[in-house]
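Have a look at the structure first, then read on.

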Amino acid sequence: MSSNMASSSAGSGDSSAARKNSKRPKCIDYSSALLSLTLLDSKFTQQELPACKPILTPGWVISTFLIVSVIFIPLGVISLFASQDVVEIVDRYDNDCIPAPARTNKVAFIQGAAPKSCNRTLTVTKRMKQPIYVYYQLENFYQNHRRYVKSRSDSQLRSPKFENQISACKPEDDAGGKPIVPCGLIAWSLFNDTYTLSRNNTPLAVNKKGIAWKSDKEHKFGNKVFPKNFQKGNLTGGATLNPDIPLSEQEDLIVWMRTAALPTFRKLYGKIETDLENGDTIQVTLQNNYNTYSFSGKKKLVLSTTSWLGGKNDFLGIAYLTVGGICFFLALAFTIMYLVKPRRLGDPSYLSWNRNPGGGR
Amino acid sequence: MDKPPPHHESISSRWSFSSKDKEVTFADLGSKRIRHGSAGADSEMLSMSQKEIRDEDARLIYINDPDRTNETFDFTGNSIKTAKYSVFTFLPRNLFEQFHRVAYVYFLVIAVLNQLPQLAVFGRGASIMPLAFVLLVSAIKDAYEDFRRHRSDRVENNRLALVFEDNEFKEKQWKYIRVGEVIKVVSNQTLPCDMVLLATSDPTGVVYVQTTNLDGESNLKTRYAKQETLQKATDLETFDGFIKCEKPNRNIYGFQANMEIDGRRLSLGPSNIILRGCELKNTEWALGVVVYAGSETKAMLNNSGAPSKRSRLETRMNLEIILLSLFLIALCTTAAATAAVWLRTHRDDLDTILFYRRKDYSVRPEGKNHNYYGWGWEIFFTFFMAVIVYQIMIPISLYISMELVRIGQAYFMTRDDLMYDESSNSSFQCRALNINEDLGQIKYLFSDKTGTLTDNKMEFQCACIGGVDYSGREPAEIDGVTLKPKMRVRVDPSLLQLTRNNKATEEAKRANEFFLSLAACNTIVPIVTNTSDPNVKLVDYQGESPDEQALVYAAAAYGFLLIERTSGHIVINVRGEMQRFNVLGLHEFDSDRKRMSVILGCPDTSVKLFVKGADSSMFSVMDEESYGDVIEATKKQLHAYSSDGLRTLVVGMRKLNDTEFEQWHASFEAASTALIGRAGLLRKVAGNIETKLRIVGATAIEDKLQRGVPEAIESLRIAGIKVWVLTGDKQETAISIGFSSRLLTRNMRQIVINSNSLDSCRRSLEEANASVASDDEESVALIIDGTSLIYVLDNDLEDVLFQVACKSSAVLCCRVAPFQKAGIVALVKNRTSDMTLAIGDGANDVSMIQMADVGVGISGQEGRQAVMASDFAMGQFRFLVPLLLVHGHWNYQRMGYMILYNFYRNAVFVLILFWYVLFTCYTLTTAITEWSSVLYSVVYTSFPTIVIGILDKNLGRRILLSHPQLYGVGQRAEGYSTTLFWYTMFDTVWQSAAIFFIPLFAYWGSTIDTSSLGDLWTIAAVVVVNLHLAMDVIRWNWIAHAAIWGSIVAACICVVVIDVIPTLPGYWAIFQVAKTWMFWFCLLAIVVTALLPRFAIKFLVEYYRPSDVRIAREVEKLRSFSESQQNMGTEMNQIRDPPRR
């Protein structure tokens, strides 16, 4: 039967194009361009468009895995190198900067009027090339909390015309009936610890310009919008702003308003534009003002160089090496399996009706 | 359709329903309980027609008095309104109808929830957009369709008709016609409403109508005006009477009413009414009184579409939808519970936590809770916010995608050249748009025989005259004009010679009688049409039975040309000589007698009775004493004929002497004017006269198998589809067709069940069951006849029959009544979850087509009723092979994959959102912008899945056709199952974790901001989800490339567009983040890591556990076609008979 069926079906398949043409003879009479158009049309309607039909053969799969491992392992290595290149000094000070007697009630201390000044000494263990970035790192601080991220007014930041668009900003929307600019929890909670750095007893300049995105300074924060009524409420959240400087120049605020995606995050404080040598000691005089104690958030001061790949983080390098390794292993395993137990492709004896003839399923 | 031997529209007995009418009536009953046994059904129908119409069920129509008619009851006017909406009602009604769909209600509920201030997750615009978009598209589509309906309504309503008013016929627009008015219709005009005939141009009151618009049948039907109204109608002014008729209903073959004129009461039946939409033919004019108008006409009442069916896959899918709902609830519960825990542990600090700030001190100094309602409420709100955020876990867009995909698939099915019928110039039709994928899972095929397996172009093949077999042309000429029959028939030269021979041999006389009876004993209407040559006219024979047509054409070929038929006489051109015969009486065909007869007054003044009928009913009324040997010889011949698969009829005649005729005439008159039990009386009269017949001969008509039927049946059987053929033919004919169509093969053991009682039926079935149970190897064919089925159906024997039938390779049901067909389908459908398909072409297949999971109609000779009831319609039986094996296979595989993929792509996104919640203090912040969340399932990922769902093919059509076993994929439901669903879900969890956690760890403790990370997640998800699809695409043509890569590009463009809006928090984020190498390193790592397990496992499974499809793909790709033919072919030959499943 099969040969007979096959020939008839094959025949009808072949003749379909011919039949199509005979059905539309007028198209053939026209130019050959039209003819090819008709053929294309019929190929489309007959679902016979020229197509590539790749199948997963062992060769393809093994080479894919090999290629992936060949790409991934070097990438992993250079990622690790990039991460290793980064020199980073991290200093956690939230606990140490509270005088020992006050540590039983840190929140009371931070809310109190006692002097918050605190001195830290950092040692450079490896030469750091400029620019060296000064970050503050907060942990367990949910800048992505739903209540928090929504509490801002982007139109107000952009233009004085929209000063009154404060509906999203509750509970920091107005003070005494006048709108707060910039309103909302995010601006209200602006980080207000300050760092003064000196190296070997000479002041170390920290450049606080150019720490925010240029796009934000130019388009998102208006240069005619000045802070108003800011931090005038009953509860002060964080830093105050100089009402004479437009928002577009308030780079700390702009950086802060780019809310962090994750609960452990760094924000750029400034840049040191000189190299630091191995063995240098850096004295930091900081004002420990910011209250992270009520939710046991950590505060860290970070001095870090960067590589082309970013900061110090070995994860990506390890991930690349792992994936590359797995792919290499799979390539090897599949090669062995292929050599030990190959299957001839297109072997009809694997067809279900040939495996157990008559029995069916 | 298997016609029981020819049936006839009666001239004199206007009452009884023809057998065809009865069948359709049963079909119309549809869902009602199916009765078995023709006798009982018949009598019930008769009793119905004689029943008095109760007053409360009746409507009264005063003839030619529309004012009085409409006084008490305000009947519907004749203006029709198929349009659903007006300008004002469009919005509310359309919305109301659209919200009948659960999917839209779900959308709406989510959108409404989102409007509550406490729950507002998305902005107004973003939350309403998807619903608004879908509603708008559907509304535009509906509005356009409705506009077209309005336009056609207007055209229809403004057509003109002649209405009798103020003593003359005036033109009036259709919409103003009222019930009770008298209307005149002229030839070739379309009828404006349903009317009872009062008079026609024909003195006997006959009118011919064509019902193409109504049921698609192109042959002419005869309708009659009552004799009593014929004369009265000449003077319409004084016409006084009323009609009491039943309430409007949709049965186009039924009508009962009484007419009262001048105190006389007349009964009206279906043959007295002509229906809206029909065309008047061959009649100069007709007068009728309007009984139903406008929307109450039978045509309009029948105007509803095919009943909608739901696909098996979609029903199956509901289970997984429920599972997904449970996931959704679990995710929301987790979010709510963890949020509650956090709130409890930090309850003392909430007022001052910088990122929470519960108190609003601006109101009063001690502060007031801002947007905080106690932690119980917070749990509640969090839960519902989670529902809003994770809403696409239930892939509502899937339903819309599925509809689009089905439309696309239907387009390609209708355009397929393999299913284009050149002879009728008709392409495949998809009438039901929601069961495409069911075509890939069929396990039982129920096929009608005549017209489905065969052409239903009856061809006269053999005659047996006086026991002598004649199995082997010239036009007549009158007045210089040559009359030619429209169809030529192959003639047997020796027989032709015999009829030509004017010698009065006994043989020649018999032959002449034979052909005279063929020409006379029927209800065929000859229609003479002109041709381009003025000297040649064509005679076209119109009738409802193709068998009769064939016989009349045969008679014409042998020189007995039927030229004219009126109710009183017929004119036959006998070898050039016009002869006029008076029709003294006609007993129409009925299924009890299984024969018809006509009494003719011949030109030589003798009166002759001609009878024609099925052999079983004819031999019992023959004069066996005188013609015993002829009967024996004929019987032998008949057996030979039916073994060749021919349809046979036996013709007998008798000369009536005067007393016999007088007696008959008296009783005939009495019976036909009887008011009660007319049909029964007429049948009795017929039975009395149809006795002691002389056998004239027997005819054999061939109903040719359609092209490609044997190959098609064999393919389907190899594909594991059980083919049941249901036919009205007798056993021998059925078996021989079975062999010629390769349904039966010589090495099958035949189990024949034809019993006449319940007990014997039970016995033989149980024997059969025992024999098939004991013997596994042998292939068995079950042949069962209609009488046995009467005992089997609706009985505990159904189970036994089902068991036997399951083990048989082929099942053949012969002598099956139309309503039994549905019973047989129901028998299988109720006992198995396998899919059933019924295919047929005639009105008698309608019930079966509607009963089966998939109904296929053949648009053939017998009108379009089967097509109207079907889900798919096509021109030829053999198209079933490409339909099922190719399109069914593709559609099933595409749809199965599409459902799984849609579950996956939505769940991946939801899980990414969910993982993030664990790092946002359990609040439902989304790093991904709300517009991206909305666009994700609408723009970013929807297009490729629709394109692939329409276009991808796992195998080429050649290999699917040459290896029908590949169809088993669908029958075994390999394309979609709960197991596959779970695999997909595990993969989903892995992929979402890879997409989420790689950037999370890579950016942990860095300066990354929410928008940038959100953009990375968005793009990573879109790339992974589209590459996942790309990995499973089998055929990469340019459309697939464009869809998949285009989607990724479109998503990137959308992300960029969203990020250039300065008032959104994420302004310029994508540009900032894409500048960094980290971004691209993360993206690469995500894509490879997410898809790695799937890729490896896919390969392992395909290589070491290859499915049939995979092997076939390898064959298709790696080997030349001819080689594979030989290779796979030899091995297939070993199993010529497919494995029993």
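A:P182 sits in the loop between β5 (178–179) and α8 (185–188) of chain A; helices here are DSSP runs of H or I with at least four residues, strands are E runs of at least two, and both are numbered from the N terminus. The peptide bond joining A:V181 to A:P182 is cis, with omega about -10 degrees. Another cis bond links A:K170 and A:P171, where omega is about 0 degrees. A:P171 is found in the loop between α7 (154–158) and β4 (174–175) of chain A.

Then there's A:S296, a non-glycine residue with a positive phi, near 45 degrees. Look for A:S296 in the loop between β9 (281–287) and β10 (298–304) of chain A. For context, most peptide bonds are trans, and most residues other than glycine have a negative phi.

## What you're looking at

This is a predicted model, so local features need pLDDT of at least 70 and side-chain atom pairs count only at pLDDT 80 or more, while totals for chains, interfaces and linings use all residues. Residues are numbered from 1 along each chain as its sequence is written, chains are lettered from A and ligands numbered from 1 in the order in which they are written, and side-chain values use heavy atoms, leaving out hydrogens and water.

## Where the chains meet

Between them, chain A and chain B bury about 10,900 Å², with 61% of that on carbon and sulfur atoms (buried area being the accessible area, with a 1.4 Å probe, that two parts lose on being put together, summed over both). Chain A puts 117 residues into the contact and chain B 125, where contact means heavy atoms within 4.5 Å.

One helix pair spans the two chains: the axes of α11 (residues 315–340) of chain A and α37 (residues 1077–1104) of chain B come within 11 Å and cross at roughly 20 degrees. Axes are lines fitted to C-alpha atoms, for helices over the stretch in contact, with angles from 0 to 180 degrees between N-to-C directions. By class, their contact has 22 nonpolar, one polar and no charged residues (Ala, Val, Leu, Ile, Met, Phe, Trp, Tyr, Cys and Pro are nonpolar; Asp, Glu, Lys and Arg are charged; the others, Gly among them, are polar).

## Salt bridges

A:E48 pairs with B:R957, their closest N and O atoms 3.2 Å apart. That pair crosses between chains, from the loop between α3 (32–45) and α4 (58–85) of chain A to helix α31 (residues 957–962) of chain B. A:R258 and B:D1009 also form a salt bridge, at 3.3 Å from N to O.

## Helix packing within chain B

In chain B, α10 (residues 312–345) and α11 (residues 375–389) have axes that come within 8 Å and cross at roughly 145 degrees. Their contact includes B:A336 and B:L343 of α10(B) plus B:W375 and B:F383 of α11(B). By class, it splits into twelve nonpolar, two polar and two charged residues.

Helices α34 (residues 1010–1032) and α35 (residues 1038–1059) of chain B pack at about 170 degrees, axes 9 Å apart. Among the residues in contact are B:V1022 of α34(B) and B:W1045 of α35(B). This contact divides into twelve nonpolar, three polar and two charged residues.

Definitions and conventions:
A salt bridge is a side-chain nitrogen of Lys or Arg within 4 Å of a carboxyl oxygen of Asp or Glu.
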